[in-house]
Amino acid sequence: MKIGLVIIIAIVCSSCCLDVITPVQMTHSAIIETFVRMHLYAQQRHSIPTSLDVLPKRTGYANRTTDGWNRPLLFETSADGILTLKSFGKDGKPGGKGEDADISTSYYAKHENGTLWIGDEMWIVEALTKVDSSQPGDTPNTHSPEEK
């Protein structure tokens with residue numbers, strides 16, 4: 001009886017210390033990892049990926065291209081060379097607040113002179129254009145393709 005009680009107390013105490021990754025955090029992680037894979041693709045092929053399906057797999061990583069609610073990340077490339085990965089949040093609809101808020105990150109793929117920026121050694125650090133999210137701690141970055 002005492003051993004069973006000790007085991008139950010140990011399980012309860014240890015479960016209090018577990019860190020749970022929320023779907024919002026999982027989405028941010030998937031977006032960052034996907035941009036890293038896009039960078040690797042560009043380094044290997046000297047071009048912008050046309051689809052998330054063509055990205056190289058990384059050993060030891062989840063290689064997710066889905067958000068924290070298991071919906072595919074939305075991938076857009078604008079005419080001016082901005083790559084955007086987006087999730088519409090928990091409800092799957094544009095807009096919203098809290099977990100329903102859109103989560104979006106964008107990077108410049110090209111310099112203003114039209115040369116490819118993605119694939120450069122420091123691209124993932126320098127080319128971030130914006131992070132949109134209602135989550136605390138997310139701050140927009142407003143680099144221009146000219147800044148290096």
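**Reading a loop, a helix and some strands**

Tutor: Let's begin with Tyr-61, which lies in the loop between H2 and strand E1 (74-77). Those labels are DSSP runs numbered from the N terminus: helices are H or I with at least four residues, strands are E with at least two. A word on the source: this is a predicted model, where local features need pLDDT of at least 70, side-chain atom pairs count only at pLDDT 80 or more, and totals for chains, interfaces and linings use all residues. Residues are numbered from 1 along each chain as its sequence is written, and side-chain values use heavy atoms, leaving out hydrogens and water.

Student: Why does Tyr-61 count as partly exposed?

Tutor: Buried means under 20% relative accessible area, exposed means over 50%, and partly exposed is in between (1.4 Å probe, protein chains only). Tyr-61 counts as partly exposed because its relative accessibility is 44%.

Student: How far does helix H2 reach from its first C-alpha to its last?

Tutor: The expected span is 1.5 Å times one less than the number of residues. H2 (residues 23-45) has 23 residues and reaches 32 Å, close to the expected 33 Å. After H2 comes His-46, with a positive phi near 55°.

Student: Which strands pair with E3?

Tutor: Two strands pair if DSSP finds at least two bridges between them. Strand E2 (residues 82-87) pairs with E3 in the antiparallel sense over six bridges, and E3 pairs with strand E4 (residues 128-132), also antiparallel, over four bridges.

Student: Is E3 mostly buried or exposed?

Tutor: Mostly covered: six of the six residues in E3 (residues 103-108) are buried.
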